Amino acid sequence: MQRFKNILCVVSQQAPDDPAWHRAIALAESNQAKLTAIMVQEPVPHRANLAKVGLNEADLELAIKSGLEHSLAALTPPAAQTRILQGVPFIEIIREVLRHNYDLVIKSVENDLEISERLLGSDDFHLLRKCPCPVWLMKPKVAGPYQRIVAAVDLDNEDEGDDHKISQTLNE
């Protein structure tokens, strides 16, 4: 069995203390792997009326980033690295994988989406299809031994057109 040596854990902004994070720590310890925890901050919408309350986009984004850094540092063991990324979550996660050669991404599933979004447009779906390394998605409320594991295996790569489009987007 191949051991993971460079693990990336995507920590949720709403629930930083989730089972995916604990699983990533345990997996990194058992494999003597490097562990990096990230949070992805989506940009502040340009339409936000921040001037009315005396704020600008840059100050708000800096304050949000500082808060995320503080909360991520509070739950991260000293040996793990942390990063706050900004942008479209699945694109920033894939860019991070490509930049630092991660061999596993662990993330809690997005559970607050409608069923159509889960199937057709969520970041999780994009990660499963486009990430160049294995992606382990975990239900946020499930911890402990598993009764079932689902694995997606691509035996025939007929959809290379979409891969080319995403690689262009990632390289921009």
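Trainee: Before we start, what does buried mean here?
Mentor: Buried means under 20% relative accessible area, and exposed means over 50%. Keep in mind that this is a predicted model.

Trainee: Okay, so is Asp124 buried or exposed?
Mentor: Asp124 has a relative accessible area of 6%. That is under the 20% cut-off, so Asp124 counts as buried.

Trainee: Where does Asp124 sit?
Mentor: In helix H5, which covers residues 123–130.

Trainee: And what does Asp124 touch?
Mentor: Leaving out residues up to four places away in sequence, Asp124 touches Lys107, Ser108, Val109, Glu110 and Leu137. With Lys107 there is a polar contact, side chain to side chain, at 2.7 Å.

Trainee: Which residues of H5 meet H3?
Mentor: Asp123, His126, Leu127 and Lys130 of H5. On the H3 side they meet Pro89, Phe90, Ile93 and Ile94.

Trainee: What are the angle and the distance for H3 and H5?
Mentor: The angle is about 35°, and the axes are 9 Å apart. The crossing of H3 past H5 is right-handed.

Trainee: How many residues does H3 have, and how far does it reach?
Mentor: H3 runs over residues 89–100, which is 12 residues. From first C-alpha to last it reaches 17 Å, close to the expected 16 Å.

Trainee: How many H3 residues are buried?
Mentor: 9 of the 12, so H3 is mostly covered.

Trainee: What comes just after H3?
Mentor: Asn101, with a positive phi of about 55°. Asn101 is not a glycine. It lies in the loop between H3 and E4.

Trainee: Is Asn101 buried or exposed?
Mentor: Exposed, because its relative accessible area is 61%.

Trainee: Switching to H1. What should its 13 residues span?
Mentor: 18 Å, at 1.5 Å a residue. The end C-alpha atoms are 18 Å apart, so the two agree.

Trainee: Which H1 residues are buried?
Mentor: Pro19, Ala20, Trp21, Ala24, Ile25, Leu27, Ala28 and Asn31.

Trainee: Which residue just after H1 takes a positive phi?
Mentor: Gln32, at about 50°. Gln32 is in the loop between H1 and E2. It is exposed, since its relative accessible area is 67%.

Trainee: New topic, the nonpolar core. Which members touch the most others?
Mentor: The largest core has 21 residues, and Ile7, Val11, Trp21, Leu35 and Ile106 touch the most other members. At least two residues each come from E1, H1, E2, H2 and E4. H1 gives the largest share, with 6 residues.

Trainee: What lies apart from that core?
Mentor: Another core, of 16 residues. Ile38, Leu85, Ile94 and Val97 are among its members.

Trainee: Zoom out for me. How many helices and strands are there?
Mentor: 6 helices and 5 strands. Along the sequence, the pattern is β-α-β-α-β-α-β-α-α-β-α.

Trainee: And what share of the protein is buried?
Mentor: 36% of the 172 residues.

Trainee: Last one. What share of contacts join residues at least 24 apart?
Mentor: 72%, counted among contacts between residues at least 6 apart in sequence.

Key:
Residues numbered from 1 in each chain as written. Predicted model: local features only at pLDDT ≥ 70, side-chain atom pairs only at ≥ 80, totals over all residues. Heavy atoms only, no water. Core = buried A, V, L, I, M, F, W, Y, C linked by side-chain atoms within 4.5 Å. Buried < 20%, exposed > 50% of the residue type's maximum accessible area, 1.4 Å probe, protein only. Helix = DSSP H or I, 4+ residues; strand = E, 2+ residues; numbered from the N terminus. Expected span 1.5 Å × (residues − 1). Polar contact = N/O pair within 3.5 Å; in protein donor to acceptor, adjacent residues only side chain to side chain. Contact = heavy atoms within 4.5 Å. Axes fitted to C-alpha atoms, helices over the stretch in contact; angles between N-to-C directions. Left-handed = near helix turned anticlockwise from the far one by under 90°.
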